[in-house]
Amino acid sequence: MSSERKRKAAHIRHLLDTEGPLIGPKVSSKNRDRYDAAERFESWDSARDEARAIKEAAIADLPDLIERLRESVEENGGTVYVADDAADANRYVTELCAEQGAETLVKSKSMTTEELDLNDALAAAGVDTYETDLGEFVIQLADETPSHIVGPALHKSREQIADLLNDVFEPDEPLETAEEMTRFARDYLGERIREADVGVTGANFVFAESGSMALVTNEGNARKCAVTPDTHVAVTGIEKILPSVDDFGPFVDLISKAATGQDISRYVSLFTPPTASPTLDFESDEPIEFGDSTAASGATARTDDPNPDREFHLVLVDNGRTEMREDDQLRETLYCIRCGACSNSCANFQAVGGHGFGGETYSGGIATGWEAGVHGMDSAAEFNDLCTGCSRCVDACPVKIDIPWINTVVRDRLNRDADPDTFDHLVSGLTPDEEPSGLALDKRLFGNFERLAKLGSATAPVSNWLADAGPVRAGMERFAGVDRRRDLPKFQRETLVDWFDGRGPRVASDDAEREAVLYPDAYTNYVLVDRGKAAVRALEALDVRVHVPRVRSSGRAPLSQGMISTAEDHAHHVYAGLAEHIDAGRDVVVVEPSALAMFEREYGRLLTPKSADRLADASYEVMEYVYGLLENGGSPDALGSPPEAVAYHSHCQGRTLDLEPYTVAVLEACGATVRTSDVECCGMAGSFGYKETYYELSMDVGEELADQFADEPVVAASGTSCQEQLDAMLGGEVPHAVELIAP
Amino acid sequence: MTVTDDFLDALADLGVSHDQTTLDDLPATLADAVDDPAVGVPLHVDAALPESVATTFTPSELQDAATGVTPARLGIAEYGSVLIRSSAGGDEPVSLYPERHVAVLAAEDVVATGRDAVDWLADEVAAGRGSHVLATGASATADMGGLVEGVHGPNEVHVVLVEEVSDE
């Protein structure tokens, strides 16, 4: 177990040193371009809703769509084959090549054929296969796997690619610049395309009603592979089918913006193969035989009669997708349009790339769903923990897939499949959870943080001294994987709830503008008690009568560890503890953004919809609430004066919930000038940064944020983990924003 | 701003050059716009290709041509895209193989948005004309460590916008 952690840590360290520095800047830049492209495009959000609805309906209707597609393609003169699994698909393609006597085959980039390992099958069948997408060509020459769904060779530098090409091809003049290499590859691959017997492409979308398919590329190689050889084979997953070309609109608008930040890719092709386009025999000296280029619209179904020399095969790959469709939790994965936005927006992906944050084929946030579905849980297990649930990919996804939830579900299933652990007894008193025996000790420890905090607080300061003691840290590292380089939380003897019980509310009911429940999440209650006290004072200064009831923690901690049953148990208790307050017309004010994110997002999956909606509707983040009070006549003069200049890092989930503007507005209303960070994540994301396996990655991600704020005199943050990470990186205490405005 | 202005702005952003001309002047404009040797597909508007543009050629002549001239059936103002139909006449390879692609587009065929183009495409597909490409600027790649134009497709695109094609 410990050796497994060490192996993973070593692998991550290796990638942090090698591929991360190459892939990171490229995906970050695509990520920034995505924000800009979305900003320029007014209908971004409505197109996402539309795309989501179309995919939901199409996956629901999939068996019918497959049959309609088969009829359409056959009517057009093509062939459809539905392959059950990789072996079945590969057998079909290799047999087809054998029937045609094909010696060489050219391919356009396709993740689905990567999933099948089609190239290996073709090689075994004696067919020479050439990847024509330049990134994929590089990967093929290097005998590596793609490190990104959209940019397979993003982990390689120009110099590395030049060395590779010079080694393999030994050109008279060594290749050096991107232009030289591109020109060389174009000429070399152009020749391969002209002489190839078969062209293989993927398909971004397939349309059942007409048998058409869409291909989105920048290079133009997909077009060449599809129309140059006489035989075109398109290999694609069954999930790519949409009812008709009418449904294409939102996807044309979204896919390139999400993928690369381009308004639209250079080539968006809509093919209805076999096409009318003339075949090109480059060995012939005869002029090309053209047909009528201006075929008028006619009475028949098809006026572009297919060129008689063309052959088209559509291979629809199931390979686990039908089971994913029947799985209520994994189904959403099938809505994925493979744009890679979840990779680009992911701070951990930016640091290690897809060879760390990926499985056998797919990489990035959505890869957990794909790998679990098509390659099985073992492949997903390799990288699943790299999703910290920060939720930045949720806004990035053009079809609004709840990617963190898929990761959590897979984590939960992995927990349940785990072998019983020898050390379970070590934490037996700390783990009153609903989870199976065998759950990894570190997960069990962090998942039961509330119990740990309660105990730590009751025995503070002794517990803090003890926890800091060398032998204890060594043991925690050895048995539970808690990295000894990370400062542990300092539990407070007096909890927020106890403090408030002793003090009582300071605004009388009759004088109160509103009544609010300050939700005491575990950190605010046991560790960062000062931010809770500050929140109480700020609310009271604006005439809010405050209550601080004894309520359980939100369940974020167990959820992060994939302990869904335990999280659900928390959710029921929290709802029960708050429901009467809501009935009494009180607002729920939350200090910790990740707790609010639980109420607003995950509780929708853990509680009955009515309860979840009721709690979500009543809940506000503390600075959002203060903003509302100021907007409704509250005076900032009642609050304290923040420092003149504040550097503020908003919590990742807080940004996904659009909370950042409220904090900025309140600080500004109180007279501060505010500078915000523009990194996706602080790198800590709760327990992640404590774990021995991920400590270095966490610090690597955090460095970008620390660099941005290195010279700032006052740095504030909203989330516990961000505060802890910034404390560690910058030294000194990083307050919550509410501590800056509390009187 | 008219739709045409938006379209021309989008072309400029993409680095795509253009001419604006009339049906009568089209052959002369095209003669100036092509680099030799040039190949082409007969136009969809009522004008002939200049003599310098071959409409009968072998595959290797296609491969060696400096310019390919094709009709463009639609333009999208929002993106600066031209829509090329993949027909029996060879629009697809002629727009793809030569280094310079000259697209002839009637000004009245410029639509505002990608959505308009998809609506138009859906009608075409329903009418049996099912293969098209929305081409936006030159072919490009960043896979070799820097943005390079002209990969498998053309590295130069030039749009000839023809005014007042129909009398309607």
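Guide: In this predicted model, Glu696(A) counts as partly exposed, at 27% relative accessibility, where buried means under 20% relative accessible area, exposed over 50%, and partly exposed in between, with a 1.4 Å probe and protein chains only. Side chains of opposite charge can pair when their charged atoms come close. Because Glu696(A) lies in helix H34 (residues 695-709) of chain A and Arg485(A) in the loop between helix H23 (470-480) and helix H24 (496-503) of chain A, the pair ties together parts that are 211 residues apart in sequence; helices here are DSSP runs (H or I, at least four residues), numbered from the N terminus. Elsewhere, salt bridges that share partners join Arg52(A), Glu56(A), Glu332(A), Asp402(A), Arg601(A) and Arg605(A) into one network, and the structure holds 58 salt bridges over all chains.

Residues are numbered from 1 along each chain as its sequence is written, while chains are lettered from A and ligands numbered from 1 in the order in which they are written. Local features need pLDDT of at least 70, side-chain atom pairs count only at pLDDT 80 or more, and totals for chains, interfaces and linings use all residues, while side-chain values use heavy atoms, with hydrogens and water left out.

Definitions and conventions: Salt bridge = Lys/Arg side-chain N within 4 Å of Asp/Glu carboxyl O. Helix = DSSP H or I, 4+ residues; strand = E, 2+ residues; numbered from the N terminus.
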